[in-house]
Amino acid sequence: MKPRDNIRNALLLFSIFLFLAGIGGIPGPAMAQTGLVAYYPFNGNANDESGNGNNGTVGDINIPDSAPFLTGDRFGAANSAYVFDGMNDIIHVPDNSSLDITGGITLAAWIYPYEQKTQHIVRKGPEVNPEAPYELALSGTGAIIFGLNL
């Protein structure tokens, strides 16, 4: 686990929900289910609670010190958000055909960047692929980046 003094250089990711075909919504009991393919409320883990089994693995066994750590979310709920070190922390979700774009797409995330620099929030495909099918990121200038390659 990372020392908590890295928080200054971290990206705090609260929750992610992803729609590939259908409508967006607000996480929680009233959230729309039509077209929902992944929902990560980070209830102490990186499991997908959409029912589609797109569970995430915290960290990468091939990358030392790549596991973000659990923390409180924006409402103070314990173990409901992850802190990323801004260098190599990752939550990996294995490829699944349910994550392929077949219609409309909505990517949404609650984030709190501690440092202004280019960083991925959600991305399908390896980081070395400059043409990922889709991604949501922050630029070094603080702009939000949405990329879509069909």
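Two strands pair if DSSP finds at least two bridges between them. Strands (E, at least two residues) and helices (H or I, at least four) are themselves DSSP runs, numbered from the N terminus. Everything below comes from a predicted model: local features need pLDDT of at least 70, side-chain atom pairs count only at pLDDT 80 or more, and totals for chains, interfaces and linings use all residues. Residue numbers start from 1 along each chain as its sequence is written, and side-chain values use heavy atoms, with hydrogens and water left out.

**View A. β8, β9 and β10 make an open sheet.** The sheet has 3 strands in the order β8-β9-β10, with antiparallel pairing. β8 and β10 (144-148) stand at the edges with a single partner strand each, so one side of each has no neighbour in the sheet. On average, neighbouring strands here are turned by 20° against each other, direction ignored (axes are lines fitted to C-alpha atoms, for helices over the stretch in contact, and angles between N-to-C directions run from 0 to 180 degrees).

**View B. Zoom in on the bridges between the strands.** Antiparallel β8 and β9 are joined by 4 bridges, and His120 stands opposite Ala137 in β9. Between β9 and β10, also running antiparallel, there are 5 bridges. Here Leu136 has Phe146 in β10 as its bridge partner. As for cover, 4 of the 5 residues of β8 are buried, so this strand is largely enclosed by the rest of the structure (buried means under 20% relative accessible area, exposed over 50%, partly exposed in between, with a 1.4 Å probe and protein chains only).

**View C. Arg123 and Glu135 meet in a salt bridge.** The term means a side-chain nitrogen of Lys or Arg within 4 Å of a carboxyl oxygen of Asp or Glu. In this pair the N to O distance is 3.0 Å. Arg123 sits in strand β8 and Glu135 in strand β9, so the contact ties together parts 12 residues apart in sequence. Glu135 counts as buried, at 15% relative accessibility. Across the whole structure, a search turns up 3 salt bridges.

**View D. Asp95, Asp100 and Lys124 are linked in a network of salt bridges.** Start with Asp95 and Lys124, whose closest N and O atoms are 2.5 Å apart. Asp95 is in the loop between β6 (91-92) and β7 (106-113), while Lys124 is in the loop between β8 (119-123) and β9 (134-138), so this pair ties together parts 29 residues apart in sequence. Now for Lys124 and Asp100: their side chains meet at 3.1 Å, N to O. Asp100 is in the loop between β6 and β7, and this pair links distant parts of the chain, 24 residues apart.

**View E. Phe146, Leu148 and Leu150 form a nonpolar patch on the surface.** Patches take residues with over 30% relative accessible area and no salt bridge, joining like charges within 9 Å and nonpolar side chains (Val, Leu, Ile, Met, Phe, Trp, Tyr) within 5 Å. Phe146 belongs to strand β10 and is partly exposed, with a relative accessible area of 44%.

Conventions:
Accessible areas come from the Shrake-Rupley method with a 1.4 Å probe; for residues, only the protein chains shown count as cover.
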